[in-house]
Amino acid sequence: MDAPKEVTLVVNPVAGGGVSARSANDVLRALRSLGLQVRPVRPTSAEATRRFVASVDSGGVVVALGGDGFMRWVAAGCLESGAVMAPLPGGRGNDLCRYLGVPLEPVEAALALEHATKRKVDVGCANGEVFLGMASMGWDTWANRYANEFTSFGPLAYVAGAIKAAITYRPTRFMLRTPGPQASIQSALDSSQEAAEVSEERVAWLLDVGNTGRYGGGLIMCPKASITDGILDIVSIGPVGRVPFFKLVLQAFKGTHVEHSAVSETFVRRVHIASDKPTEVWADGDHITDLPASIEVKHGALEILA
């Protein structure tokens, strides 16, 4: 393991309908079986999680057992303290763990840390709020909100939320302002941070700004997104009919939706987004801010062990 022999295990006791709480003791035993000295902690709130992780010594390893929203708060604390985050799956979607290739069974993921390595990854920020996966606006936000209402559905909560949102939501007019949006990742990397700002409008079912580009328990909304390239991927789906739209959402499980003419895909380092009606911004399963929002990437700001 590319890690010290002492780690802190931070557990979200309510993630995934209690998945983290039920597996916490087994995960603790698995970590100790690797010869690690483990300090278990169960914060009582998201803010308590951030504050605790922010107090960990720089370079200390925080093993985080919870869902994607919990990972967001652990990451925020790590950015303050310089601690290293080791994510373990304990939620419903576990999209960060899916993206990183972490096993989706908590004990198996804990044991896999024996062969894990450290790496620097990017972090997104929307109006100063940290996110790891994707900042979503439009249909996505309502799908997330409805999914959180279907607490008894388990992983199928995202499917139920998506269907309800597709029935009730109407496309939004988004106004984007960014320094030279690019049609490829390489051109975005080559572009100057001081490029003249370009404004555009998009009428869309959804507008996603991706870091990992994953959410919803396996949806690959931004298939070219990388957590290490210092670039944000913007994907939107234009105002097609409900049936074609939902077909595109289903295609997103394979990331092939971006081949459709109704889908726009650009690459930026930062973007300012407004809309023609009140619009929430959701990321990693949580409502984090509202439009208008300035969204940027902090390249290599977070060290993870996975």
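Colleague: Which residues in helix 6 meet helix 7?

Modeller: Before the list, some ground rules: this is a predicted model, where local features need pLDDT of at least 70, side-chain atom pairs count only at pLDDT 80 or more, and totals for chains, interfaces and linings use all residues. Residues are numbered from 1 along each chain as its sequence is written, and side-chain values use heavy atoms, with hydrogens and water left out. On the helix 6 side you have Trp139, Trp142, Ala143, Asn144, Tyr146, Ala147 and Glu149, and they meet Ala157, Tyr158, Gly161, Ala162, Lys164, Ala165, Ala166 and Thr168 in helix 7. Contact here means heavy atoms within 4.5 Å, and helices (H or I, at least four residues) and strands (E, at least two) are DSSP runs numbered from the N terminus.

Colleague: How do the residues of that contact divide?

Modeller: Ten nonpolar, three polar and two charged. Ala, Val, Leu, Ile, Met, Phe, Trp, Tyr, Cys and Pro count as nonpolar, Asp, Glu, Lys and Arg as charged, and the others, Gly among them, as polar.

Colleague: And at what angle do the axes of helix 6 and helix 7 cross?

Modeller: Roughly 130 degrees, with the axes coming within 7 Å. That makes helix 6 oblique to helix 7. Angles under 35 degrees count as roughly parallel, over 145 as roughly antiparallel, 65 to 115 as roughly perpendicular and the rest as oblique. The axes are lines fitted to C-alpha atoms, for helices over the stretch in contact, and angles run from 0 to 180 degrees between N-to-C directions.

Colleague: What does arginine 50 form a salt bridge with?

Modeller: Glutamate 80, with the closest N and O atoms 2.4 Å apart. Arginine 50 sits in helix 2 and glutamate 80 in helix 3, so the pair ties together parts that are 30 residues apart in sequence.

Colleague: How many salt bridges in the whole structure?

Modeller: Eleven, counting a side-chain nitrogen of Lys or Arg within 4 Å of a carboxyl oxygen of Asp or Glu.

Colleague: On to the open sheet, what's the strand order?

Modeller: 14-13-10-7-16-17, six strands with antiparallel pairing; two strands pair if DSSP finds at least two bridges between them. Strand 14 (263-268) and strand 17 (286-290) are at the edges with a single partner strand each, so one side of each is left without a neighbour in the sheet. The twist averages 25 degrees from one strand to the next.

Colleague: Which strands does helix 6 lie across?

Modeller: Strand 7 (134-138), strand 10 (206-210), strand 16 and strand 17, and helix 6 runs at about 100 degrees to strand 7.

Colleague: Which peptide bond is cis?

Modeller: Leucine 291 to proline 292, with omega near 5 degrees. Proline 292 is in the loop between strand 17 and strand 18 (293-305).
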